Amino acid sequence: MGRITSFADLMGMIKDKASQGKAALVSSNTKSKTVSFHLSVLRATTHDPSTPPGNRHLAVLLSAGTGSRGTAASAVESIMERLHTTGDACVALKSLIIIHHIVKHGRFILQDQLSVFPASGGRNYLKLSGFRDEKSPLMWELSSWVRWYALYLEHLLSTSRIMGFFISSTSSTIHKEEYEEMVSSLTNSDLLREIDALVGLLEEACKIPDLPFSGGKSLADKITHLVGEDYVSSINELYTRLNEFKERSNTLSFGDMIELVCALKRLESCKERLSEICHGNWKRGWIDGFWGLVLEVKGIIGNLEDNYGQIEKSIVKREKRYESARFTDRLIIGYGDAVRFSSGRFSNVDRFSFPVSGGRL
């Protein structure tokens with residue numbers, strides 16, 4: 001527990017002790033896994049702004065993925081109940097960090113339960129777009145992080161639905177060669193749709209708030225690190241798809257060229273902000289190689305089309321229309337649209353085996 005600096009901190013500590021004590025008492029009188037997960041959620045989501053969720057409590061929650069579907073559902077329900085019933089920015093951020101950990105480290109059965117909660121889905125999937133905690137200047141600052149982080153995770157889940165697997169997930173079973181063969185079998189339309197979703201995720205990552213002035217740096221640093229790992233995973237995916245388009249460059253239609261150049265322009269606009277978010281954390285040469293590929297593909301398309309200015313004019317006409325259409329299409333997440341692997345081209349695959357700190361460039 002961090003140093004108590006205000007009455008609000010004291011009240012938060014009292015609430016944590018009371019809720020954990022009550023849950024522990026219930027847990028001692030029952031063997032229910034639901035109660036056990038609820039206690040772990042409470043311990044991982046304290047009101048203390050100086051500490052992110054502890055690894056021990058995260059491990060307990062991730063263990064729900066080794067049990068039945070009902071066990072996984074109980075764990076996700078405990079997390080979502082905590083998220084949706086709190087008015088405290090620290091508790092909300094820690095709950096969102098747990099969700100991010102499930103996307104990244106959870107087993108499929110746990111990820112699947114997260115992807116279908118709640119059944120209504122929709123643009124306000126995590127129901128935090130209007131979150132405000134006005135208890136102190138710090139909580140007010142962290143509220144902006146809550147609103148952005150919830151929206152970012154909605155984008156992450158939506159993009160995962162489009163891709164057919166969870167972005168940045170370490171539940172990896174497919175080899176590089178198999179994965180690249182899978183990508184090569186996709187139509188241009190499918191590739192463009194996936195590229196559009198990945199670029200949209202990176203655009204949302206660029207909107208990360210500035211570090212809070214009043215405290216809470218450890219929470220912000222934890223979130224930034226997780227988003228940085230998603231960045232590396234996203235450009236991994238983009239690299240394979242851009243390489244595929246480079247191979248198909250002589251067969252692209254004019255419409256495909258427009259769509260691809262438009263996506264690349266959006267991607268390039270993210271480069272500077274993404275480098276600020278991930279500075280010093282990743283292999284610089286590896287990332288520079290990716291941005292070199294982006295320029296190379298743009299150059300190939302420019303050389304193929306004599307009237308390159310015509311592409312530019314078409315892009316300008318479409319950009320405003322696409323901006324609203326892209327946002328609407330990607331964020332509508334319903335029960336029937338959740339990430340599913342029971343059929344389709346990724347039916348037996350969670351994700352290919354590439355570490356976020358390395359790469360295939």
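Colleague: Which residues in H5 and H6 meet?

Modeller: Ile 99, Ile 102 and Val 103 in H5 meet Leu 110, Gln 111 and Leu 114 in H6, where contact means heavy atoms within 4.5 Å. By class, this contact has 5 nonpolar, 1 polar and no charged residues. Ala, Val, Leu, Ile, Met, Phe, Trp, Tyr, Cys and Pro count as nonpolar, Asp, Glu, Lys and Arg as charged, and the others, Gly among them, as polar.

This is a predicted model, in which local features need pLDDT of at least 70 and side-chain atom pairs count only at pLDDT 80 or more, while totals for chains, interfaces and linings use all residues. Residues are numbered from 1 along each chain as its sequence is written, and side-chain values use heavy atoms, with hydrogens and water left out.

Colleague: At what angle do the axes of H5 and H6 cross?

Modeller: Two packed helices are described by the angle between their axes and the distance between the axes. The axes of H5 (residues 89-105) and H6 (residues 108-115) cross at roughly 130 degrees and come within 8 Å. Axes are lines fitted to C-alpha atoms, for helices over the stretch in contact, and angles run from 0 to 180 degrees between N-to-C directions. H5 and H6 are therefore oblique to each other; angles under 35 degrees count as roughly parallel, over 145 as roughly antiparallel, 65 to 115 as roughly perpendicular and the rest as oblique.

Colleague: Which residues make the contact of H3 with H5?

Modeller: The axes of H3 (residues 55-62) and H5 come within 11 Å and cross at roughly 60 degrees. Leu 58, Leu 61 and Leu 62 of H3 make the contact with Ile 98, His 101, Ile 102 and His 105 of H5. These residues divide into 5 nonpolar, 2 polar and no charged.

Colleague: How many residues of H10 are buried?

Modeller: In H10, 23 of the 31 residues are buried. For the chain, buried residues make up 54% of the 361 residues.

Colleague: How many helices and strands does the chain have?

Modeller: The chain has 14 helices and 0 strands. Helices (H or I, at least four residues) and strands (E, at least two) are DSSP runs, numbered from the N terminus.

Key. Buried < 20%, exposed > 50% of the residue type's maximum accessible area, 1.4 Å probe, protein only.
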